[in-house]
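Me: I would like to learn how to read aromatic pairs and nonpolar cores. Please take me through one example.

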Amino acid sequence: MLRALEVRETRNIYRMLNGRYPVLFNFPMLQRLKLSYCLFLKWDLDMLSGSPLLRELKLYTQPGLTGDLKSLRVMKNTLEKVDIQYCHKIHGNFMELADFPRLKVLYISGNQNRGVTGDIRDMQEDDLYSNEYLYILV
């Protein structure tokens with residue numbers, strides 16, 4: 001059973017992942033997913049529902065990624081770290097993740113289209129309770 005998956009495209013395999021590959025997101029036991037520089041991979045945050053036990057999600061420079069942050073709610077009780085950088089087509093309110101009981105790190109930056117919004121002043125007393133690191137630059 002696959003528990004960790006890291007895909008990073010380099011010059012040697014440039015454009016290897018060109019299109020949609022739903023199989024990449026259908027690992028029910030997957031706990032760590034890191035995708036870096038998959039410039040031609042087309043996918044949506046909803047596809048992560050095939051990995052409900054995900055604890056760590058790291059997404060770097062994914063121009064083909066779309067979707068709403070609230071799609072991560074399927075992993076509400078397992079996600080501990082969310083690191084999303086330079087994924088310009090995602091949207092939603094980062095406060096959708098505020099009630100995740102295990103979330104320790106929330107890092108969102110480089111979303112130039114301003115599709116990710118939220119106001120930290122909307123936090124309730126128990127929101128981001130276990131959070132150790134919060135960095136939002138939208």
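**Aromatic pair and core**

Reply: A search of the whole structure finds one aromatic pair. Rings of Phe, Tyr and Trp (its six-membered ring) pair if their centres lie within 6.5 Å; planes under 30 degrees apart count as stacked, over 60 as edge-to-face and the rest as tilted. Here F25 and W43 are stacked, at 4.5 Å centre to centre and 20° between the planes. This is a predicted model: local features need pLDDT of at least 70, side-chain atom pairs count only at pLDDT 80 or more, and totals for chains, interfaces and linings use all residues. Residues are numbered from 1 along each chain as its sequence is written, and side-chain values use heavy atoms, without hydrogens and water.

Me: Which parts of the chain does the pair link?

Reply: Strands (E, at least two residues) are DSSP runs, numbered from the N terminus. F25 sits in the loop between β1 (4-8) and β2 (32-36), and W43 lies in strand β3 (residues 43-44), 18 residues apart.

Me: Is F25 buried or exposed?

Reply: Buried means under 20% relative accessible area, exposed over 50%, partly exposed in between (1.4 Å probe, protein chains only). F25 has 2%, so F25 is buried. W43 is buried too, at 0%.

Me: How many residues has the largest nonpolar core?

Reply: Such a core is a set of buried Ala, Val, Leu, Ile, Met, Phe, Trp, Tyr and Cys residues joined through side-chain atoms within 4.5 Å. The largest has 35 residues; W43, L48 and L72 have the most contacts inside it. β1, β2, β4 (56-60), β6 (81-85) and β8 (105-109) each give two or more residues to this core.

Terms used
Helices (H or I, at least four residues) and strands (E, at least two) are DSSP runs, numbered from the N terminus.
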